[in-house]
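Here's a quick tour of a protein chain, starting with one residue and then zooming out. Have the viewer open while you read.

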Amino acid sequence: MLSVYTRHYPPCPRTDIHYRRCRCPKWIRGVFENGDRVSLSARTRSWVDAERKAREMERAASGRITVECAVQAYIKDDEARNLSRATINQRQAFFARRFLPWCQERHISHLDQLRPALLRHFRQGWDAASTTAARRHERLRSFFAFCVANGWLAANPMNLLKKPMVLHRPPTNYFNRGQFKQIVAAAEKYEYGGGRDCWFRAKRMLALVLLMRWSGLAIKDAVGLKRDRLDERGVVFLRRAKTGVPVFVPLPPAVASVLSNLPPISPEYFFWSSHGDLASATKGYQRSFRKLFRIADIRNEDGTRKPCRSHMFRDTFAVELLLAGVPIDQVSVLLGHRSVKMTEKHYLPWVKARQTQLTANVRRAWFTEVKRPAVQLRMRDFRVPVATSHSLKLHHWVPIRITHPLLYL
């Protein structure tokens with residue numbers, strides 16, 4: 001049975017812990033039916049709200065949910081929401097390989113046993129980069145939010161854990177025009193090792209490179225592009241597989257011509273035979289891209305090999321638009337982002353209008369002396385000691401005049 005009591009603090013004159021009418025913090029204490037003791041803050045100053053929370057805790061304790069059952073319900077709910085198979089597999093791997101074994105090692109079987117201190121200890125055992133730790137933290141937070149929504153927990157314990165700080169987020173990389181020409185030349189020399197598509201693989205790789213560069217499509221959307229999505233005007237219209245947002249992008253006539261003249265592998269698709277799984281076909285093209293990048297052998301300015309990925313064609317499409325002065329909200333629509341904030345997260349440094357505005361604002365803050373460095377500025381007299389005798393080390397002061405444009409800033 002759980003009961004509510006009041007912790008009085010000055011200037012409250014009351015001392016009776018059962019007094020209800022003051023605005024001092026309310027606490028909950030007692031023993032559950034299974035013998036577990038509890039003493040915690042109700043996080044409210046209202047006695048009625050504290051009593052309601054105590055009764056909810058009793059109801060939750062009477063029907064305790066195991067951690068394994070909660071995880072299974074969470075995964076099934078993800079499948080019912082039609083999330084991508086890759087997302088579901090990542091969550092299943094995290095809970096099956098890390099979270100559930102950790103709970104079994106510490107004999108934790110029920111959800112109400114997972115307190116913030118234990119979860120903090122679980123997080124300390126992660127030997128992962130900051131970005132990976134942030135994703136795992138978010139998966140745990142989402143799982144416990146699901147448990148709270150189902151009434152299995154009174155509060156989300158992950159809310160008391162600070163998020164991991166993400167350090168050294170890699171900047172968005174893209175192909176400049178010279179590097180893109182190298183990739184196109186490598187696609188023309190591409191040779192496929194085998195399979196029914198070996199005679200036309202080079203043409204398909206060239207068409208896929210041009211399509212992704214000039215449409216901004218991700219590789220899964222590009223590989224699964226249907227022929228009827230390209231009209232006679234050379235405009236591509238589809239819904240992004242990841243976000244479901246409609247995308248409407250015109251293609252250059254040369255790119256549309258390459259796609260139209262592509263040897264057919266399927267009457268319905270440009271790059272997919274429609275046999276098997278689209279994800280498997282996408283992985284096959286990703287392996288072909290890795291081979292293509294090895295052939296292109298793109299180098300950085302210091303001579304090191306540039307790390308290349310197929311998604312960089314999408315980044316090139318966005319960066320070139322922003323450098324051409326296209327507003328970022330329009331670029332967000334062309335990329336199929338749900339929100340312009342996602343576009344700003346990855347591509348804000350490339351906005352040309354923003355760069356011009358920042359440069360102008362900095363120049364307006366300059367002093368007049370800095371704007372016109374050729375003008376003679378004020379000179380200041382300095383007196384420096386000059387030795388007159390090496391034996392006696394005597395000095396006398398000689399005035400000099402120093403002029404520098406940044407001396408008095």
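Is His337 buried or exposed? Keep in mind that this is a predicted model. His337 has a relative accessible area of 14%, and since buried means under 20%, His337 counts as buried. You'll find His337 in the loop between helix H12 (328-335) and helix H13 (340-347). Skip the neighbours within four places in sequence, and His337 is in contact with Val245, Arg314, Ser332, Met342, Thr343 and Tyr347.

Now for a helix pair. The axes of H7 and H9 come within 10 Å of each other and cross at roughly 140°. Angles over 145 degrees would count as roughly antiparallel, so at roughly 140° H7 and H9 are oblique to each other. Their crossing is left-handed. Here's who meets whom:

| Helix | Residues spanned | Residues in the contact |
|---|---|---|
| H7 | residues 201-215 | Ala207, Leu210, Leu211 and Trp214 |
| H9 | residues 253-260 | Val255, Val258 and Leu259 |

By class, that contact of H7 with H9 has seven nonpolar residues, with no polar and no charged ones.

Zooming out, the protein chain has 15 helices and seven strands. Of its 409 residues, 36% are buried. The accessible surface comes to about 25,600 Å², and carbon and sulfur atoms account for 53% of that. As for contacts between residues at least 6 apart in sequence, 55% join residues at least 24 apart.

Note on methods:
Residues numbered from 1 in each chain as written. Predicted model: local features only at pLDDT ≥ 70, side-chain atom pairs only at ≥ 80, totals over all residues. Heavy atoms only, no water. Axes fitted to C-alpha atoms, helices over the stretch in contact; angles between N-to-C directions. Helix = DSSP H or I, 4+ residues; strand = E, 2+ residues; numbered from the N terminus. Parallel < 35°, antiparallel > 145°, perpendicular 65-115°, else oblique. Left-handed = near helix turned anticlockwise from the far one by under 90°. Contact = heavy atoms within 4.5 Å. Nonpolar A, V, L, I, M, F, W, Y, C, P; charged D, E, K, R; others polar. Buried < 20%, exposed > 50% of the residue type's maximum accessible area, 1.4 Å probe, protein only. Areas by Shrake-Rupley, 256 points an atom, 1.4 Å probe, with all protein chains shown as cover.
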